[in-house]
Every structure is written in structure tokens, then in C-alpha cells.
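Please look at the sequence and structure first.

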Amino acid sequence: MKMAVTAFEKLSEYISTKMRMSHIYQPVMLRELLVRGGNASVEEIATALLAYDPSQVEYYGLRTKNMVGKVLTNNGITEVRRSGRSIAGYQLLGSGDLSAEERDALIQACDAAIEIFLEKRGERAWSHRSVASGYISGTLRYDVLKRAKFRCELCGVSADEKALEVDHILPRNQGGSDNEVNLQTLCYSCNAMKRDRDDTDFRGVRDLYQHREKGCIFCELSADRVDAENELAFVIRDGFPVTEGHCLIIPKRHISDYFKLFQPELNAIQSLMQEARSNLLRLDPSIDGFNMGVNSGEAAGQTVFHCHVHLIPRRKGDVEEPRGGVRGVLPSKQAY
């Protein structure tokens, strides 16, 4: 007769062989249920998941340093503890002079202040962290994130680095709708700073990335010159290289000045520079180092007024012909 499978055997087999994971959610939920004797509320499971989310710790770390830590320190209640230039923590001034009874009384006073505030404000106390005051479908949220190329439409950070949120341009409390035209992608930091009093639309920035200038050699470059690209920039080999493998990383938007690039473009250029460097080192182990730099302005040697960043491999014993006549200025030329 076939023996009945025990609960332990069923769960053990599921966890070890059958559980397909796209995230940590399943084992965290199972662990919480096991720890709590088989039953857990939604809030208890959500709290357990929250403990594994570093983006939330980062968010409240920023709130601590940029808001509450400053307020308490400015009022002479705390002082900053530093590690080098970074804020490592805070010291409560006079804490060593408190008796155990005094400490307990102050903790109770803090608890009472929290309770009074939450009773007065209710759910509005956390409105700055609410994804929305109502339901936005997963499909709509995905479409908004996809439209933004999974980057914050204000600071440009990618979804790989920070959690992204779907924000109402015109807040709901001002009559804003859930229509896609009223939604934009912001990282949690930018969304928290924006709050629900600001109806700034950052999506117009995206349209600027499409600008091309007629007659610009980089805007009209043939596709066969491109070695690599992403959404906002591309890589070519310099037509007049200082050394073998000399590359140019170029924003797709026609912009003359490096210092006028948007943060997403800087991110895109940096990503391609890392990729180009890795490829060059893989193809040519004799490379010992790199020069990276930009000419910004005619007086600095810029002759093609579409911003571009040089990545120049260096090898011991490299010999190059002096060009431009000025030491320290990156190569200038009339054609690329």
C-alpha cells in the first residue's frame, strides 16, 4: 500500500525541487507562515518581505539624513556621527545622563506622540509613499515604465538601481485621472520630493532626445560606423585615431556642450564607455591604460559641435604624432 506523503515531505520537495522563483517572495512567505505556526496575516507577510527590500532601507536612510536628522540636529537634540565624509549615524545628546526610569518615560512620550499623530492624520500620514490612492493595473504600470525605458523621467536612474513608481502628473487630489497621458515614471526619491502638490510633467524631456541637426556629421553618421549603442548614445571608432582602438562615445541627441547633457544621457555614455573599455581589453591584452576626456568649446579644441567623449587606449611604448599643437588638449580634427 502506498504510504501517504507527510506535510514535511511535501513542503520539503516543493522548496527544494518544484519552487520556481523570479524573486524571493515564495520562500519569505513560506518562512513567515512556518515561524508563525502556519497562519500569518497579509500585513505580517508584507512586513517580512519588506525586511528583504534594500530600496526601502535606502529610502528611509535618505529621509533620516536629509530631513529628520537635520531637524533634530539643528534643534540641539542630536549630533552627527561621521565615517570620513559620510554620515554614519546620530548621537542623542545627553543620553548618558538619563536614568532608566527617565529613558522609559521619554520612550512612552514618543509612543504617545506617534499615536496622536496617526490618529489625527490616519492613512494620509503615508500618502507620500503610496503608489496611488487607487488601483493602477499591472498592464498600465508596465506600459508607463516601458514608455520611459525603465528610467526615472526626472533624474534618469534605471530600474536596476532604484525602485521606480508610476506617478500622477496632475495629482488625484487635484482631479488627476488614471489615464496613461497623466502618468509618468519617477524613482521613489524623486517622487517623494515631488509629493502631491506639484503637477510638473517631465515627459517632455524624452522628446528632446530625438533632436537631430541637419548637416551634423554625427547626426547623419551611417549605421555601419556604429560599433555599439543604447537608447541615448552610440560608439564609433575614431577616423583619425591617436592610438589603435581610439573610440568616440556620442549622445544621439544633437547637443554641443557636454555640460548640457541630461542625466540619462550621462548614464548612457558611461555605460557604453565601460562596455567599449571591456571589449578593447578583451581584444587587445597589450593595452595598459586609457585616456578619457571631452573638449568643450572652441577654445578647448572642439571642432565638431556635437558633444563626444574620447576613449583612447594606451600601451607602453605608444608613439603618436602631436596634433592640435597644444599639450593636454584632446585631438581636434575636421573629419571623423
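Buried means under 20% relative accessible area, exposed over 50%, and partly exposed in between, with a 1.4 Å probe and protein chains only. This is a predicted model, in which local features need pLDDT of at least 70, side-chain atom pairs count only at pLDDT 80 or more, and totals for chains, interfaces and linings use all residues. Residues are numbered from 1 along each chain as its sequence is written, and side-chain values use heavy atoms, without hydrogens and water.

Strand β4 (residues 183-187) is mostly covered, with five of its five residues buried. L183, T185 and C187 point one way from β4, while Q184 and L186 point the other way. Strands are DSSP runs of E of at least two residues, and helices are runs of H or I of at least four, numbered from the N terminus. Two strands pair if DSSP finds at least two bridges between them.

| Strand pair | Sense | Bridges | Opposite residues |
|---|---|---|---|
| β3 (residues 164-168) and β4 | antiparallel | five | V166 and T185 |
| β6 (residues 233-237) and β7 (residues 247-251) | antiparallel | five | I236 and L248 |

An open sheet of five strands has the order β5-β6-β7-β9-β8, with antiparallel pairing. β5 (226-229) and β8 (289-293) are at the edges with a single partner strand each, so one side of each has no neighbour in the sheet.

The axes of helix α2 (residues 25-35) and helix α3 (residues 42-50) come within 9 Å and cross at roughly 125°. Axes are lines fitted to C-alpha atoms, for helices over the stretch in contact, and angles run from 0 to 180 degrees between N-to-C directions. The contact (heavy atoms within 4.5 Å) is made by Y25, V28, M29 and E32 of α2 and E44, I45, A48 and L49 of α3.
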